[in-house]
Amino acid sequence: MEITETRISPINKPNSRLRAYASVTFDNSFVIREIRIIEGKNGLFIAMPSRKMQKPCPRCNFKNPVTNKFCGQCGAEIKNVEQKNQKTGPQQHKDLAHPINTQFRDYLQKKVLEAYNQQKESATGKENNK
Ligand SMILES: [Zn+2]
């Protein structure tokens, strides 16, 4: 599978580590949007689109974020029965689409960051021409 197009939408939030959103097209026929480009301690990396994990309240069935200990609707205690790893706690986000091997993950990240850097260079180039 090949990446045939990468589009970057830069985000200008000074207090955020989020630098941009990318949308990536595979084989001219499949697109994944909202891949996030994040500034980490060891440089830029990409995060796949994800959704927040929720769990229903045992009393009223209201969907609460997994980190909540009490229901936001009725105040009932929500026990973390599925919590297996005490150190990391419950999984808060689940990827909606993601590469299943390191090779493709590296390829995807390289292409997205290349496109991001190119975009950044052309943006600063325009400013210098003023
Ligand atoms: Zn409830």
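## Sheet, core and local geometry of a predicted model

R7 stands opposite S23 in β2, and this pairing makes a friendly place to start. Residues are counted from 1 along each chain, following its sequence as written. The model is predicted, so local features need pLDDT of at least 70 and side-chain atom pairs count only at pLDDT 80 or more, while totals for chains, interfaces and linings use all residues.

Confidence can be summarised first. The mean pLDDT (the predictor's confidence in each residue, from 0 to 100) is 88 for the protein, and 87% of its residues reach 70 or more.

The secondary structure comes to 1 helix and 8 strands. Here helices (H or I, at least four residues) and strands (E, at least two) are DSSP runs, numbered from the N terminus. Read from that terminus, the elements follow the order β-β-β-β-β-β-β-β-α.

An open sheet of 4 strands has the order β1-β2-β3-β4, with antiparallel pairing; two strands pair if DSSP finds at least two bridges between them. β1 (3-10) and β4 (43-47) stand at the edges with a single partner strand each, so one side of each is left without a neighbour in the sheet. From one strand to the next, the twist averages 30°; axes are lines fitted to C-alpha atoms, for helices over the stretch in contact, and angles run from 0 to 180 degrees between N-to-C directions.

Within the sheet, β1 and β2 run antiparallel and are joined by 7 bridges. β2 and strand β3 (residues 30-40) also pair in the antiparallel sense, over 7 bridges, and Y21 stands opposite R36 in β3. β2 and β3 form a hairpin with 3 residues between them, and D27 in the turn has a positive phi of about 50°. As background, side chains in a regular strand alternate between the two faces of the sheet.

The largest nonpolar core has 9 residues in all: I8, A20, A22, V24, I35, I37, L108, V112 and L113. Such a core is a set of buried Ala, Val, Leu, Ile, Met, Phe, Trp, Tyr and Cys residues joined through C-beta atoms within 7 Å. The elements giving two or more residues to this core are β2, β3 and α1 (102-128). A residue is buried if 20 or more other C-beta atoms lie within 10 Å of its own, exposed if 12 or fewer, and partly exposed in between, with C-beta atoms placed from the backbone. Buried residues make up 7% of the 130 residues in the protein.

Not counting residues up to four places away in sequence, A22 touches T6, R7, I8, I35, I37, V112, A115 and Y116. Among contacts between residues at least 6 apart in sequence, 33% join residues at least 24 apart.

Two further strand residues show the surroundings of the sheet. T25, found in strand β2, has 16 C-beta neighbours inside 10 Å and therefore counts as partly exposed. With neighbours within four places in sequence left aside, T25 is in contact with I3, T4, E5, F30 and V31. The C-alpha atoms of T25 and R7 are separated by 8.6 Å, the two residues being 18 residues apart along the chain. L44 lies in strand β4 and, with 16 C-beta neighbours inside 10 Å, likewise counts as partly exposed. L44 touches R19, I37, I38, E39 and L113, not counting residues up to four places away in sequence. L44 and R17 are 27 residues apart in sequence and 9.5 Å apart in space, C-alpha to C-alpha.

Phi of E34 is near 60°, a positive value in a residue other than glycine. E34 belongs to strand β3 and is partly exposed, with 14 other C-beta atoms within 10 Å. N61 is not a glycine either, and has a positive phi of about 70°. N61 sits in the loop between β6 (54-56) and β7 (63-65), where N61 counts as exposed, having 10 C-beta neighbours inside 10 Å.

Methods
Two residues are in contact if their C-beta atoms, placed from the backbone, lie within 7 Å.
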